Amino acid sequence: MGKVHVFDHPLIQHKLTFIRKVDTGTKEFRELVNELATLMAFEITRDLPTQEITIQTPVCEAKSHILAGKKLGIVPILRAGIGMVDGIIDLIPAAKVGHVGLFRDPETLKPVEYFVKLPSDVAEREFIVVDPMLATGGTAVEAINSMKKRGAVNIKFMCLVAAPEGVEVLTEAHPDVDVYIAALDEKLDEHGYIVPGLGDAGDRLFGTK
């Protein structure tokens, strides 16, 4: 079963409070989501492997460390996931960005893939799938299904707020995927919204209704 990591860093919790507030406007909301994504990326990359190399400093020759192992890829789930990309790229500028687009079938209410574009070296990358919210879990599960069909084997999922129901669905469907969350909220309401949540992340990021 995939591990679930809930971040308790004070800066993450502080910024998340202002993201939740109903009177936080689009500009500030967008900035805060980017800042949170950077902070979360710092935590999620804590275990990246490094290798020792020899460099020349202005003073002497020295041994130091650089990143080693798999290259990184960031995959936002369209559309709200886009709001988290720049914050991660600021920290990891060499990461490549893919995209997964899904829509909900009005009859079955299940997510349907409409767009997938991943880096060509998909099997060689460690991917971080990002979406501000994990509610029912259906969209995240299908997005990761789409990536695995195309050869992705090393995937993590990162979101700002999650409902316990969604976490359970995701970890059961993809037990090899670790889940990273800024806040594990109370529940889903009868309409499928996370409680207390932060509203519709896409609408708040892009100023739509």
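Student: In which loop is Arg79 found?

Tutor: In this predicted model, Arg79 sits in the loop between strand E4 (71-78) and helix H3 (85-91).

Student: What kind of peptide bond joins Leu78 and Arg79, and what is omega there?

Tutor: The bond between Leu78 and Arg79 is cis, with omega about 5°. In general, most peptide bonds are trans.

Student: Which residues does the cis peptide bond with Pro196 join, and where is Pro196 found?

Tutor: Val195 and Pro196 are joined by a cis peptide bond, with omega about 5°. Pro196 belongs to the loop between strand E13 (194-195) and helix H6 (201-206).

Student: Why does the radius of gyration of the protein chain agree with a compact globule?

Tutor: A compact globule of 209 residues would have a radius of gyration near 17 Å; the protein chain has 18 Å, so the value agrees. Along the principal axes, the C-alpha atoms fill a box of roughly 65 × 40 × 30 Å.

Student: What share of the residues counts as buried?

Tutor: A residue is buried at under 20% relative accessible area. By that cut-off, 44% of the 209 residues count as buried.

Student: What share of the contacts joins residues at least 24 apart?

Tutor: Among contacts between residues at least 6 apart in sequence, 63% do.

Student: Which residues does the annotation "domain: Phosphoribosyltransferase" cover?

Tutor: The unreviewed UniProt entry assigns that name to residues 6-208. In the model, this span is 32% helix and 33% strand, and its end C-alpha atoms lie 29 Å apart. The protein chain has six helices and 13 strands.

How values were computed:
Residues numbered from 1 in each chain as written. Predicted model: local features only at pLDDT ≥ 70, side-chain atom pairs only at ≥ 80, totals over all residues. Heavy atoms only, no water. UniProt positions renumbered as here; feature names shortened; annotations may be inferred. Helix = DSSP H or I, 4+ residues; strand = E, 2+ residues; numbered from the N terminus. Rg over C-alpha atoms; globule rule 2.2 N^0.38 Å. Buried < 20%, exposed > 50% of the residue type's maximum accessible area, 1.4 Å probe, protein only. Contact = heavy atoms within 4.5 Å.
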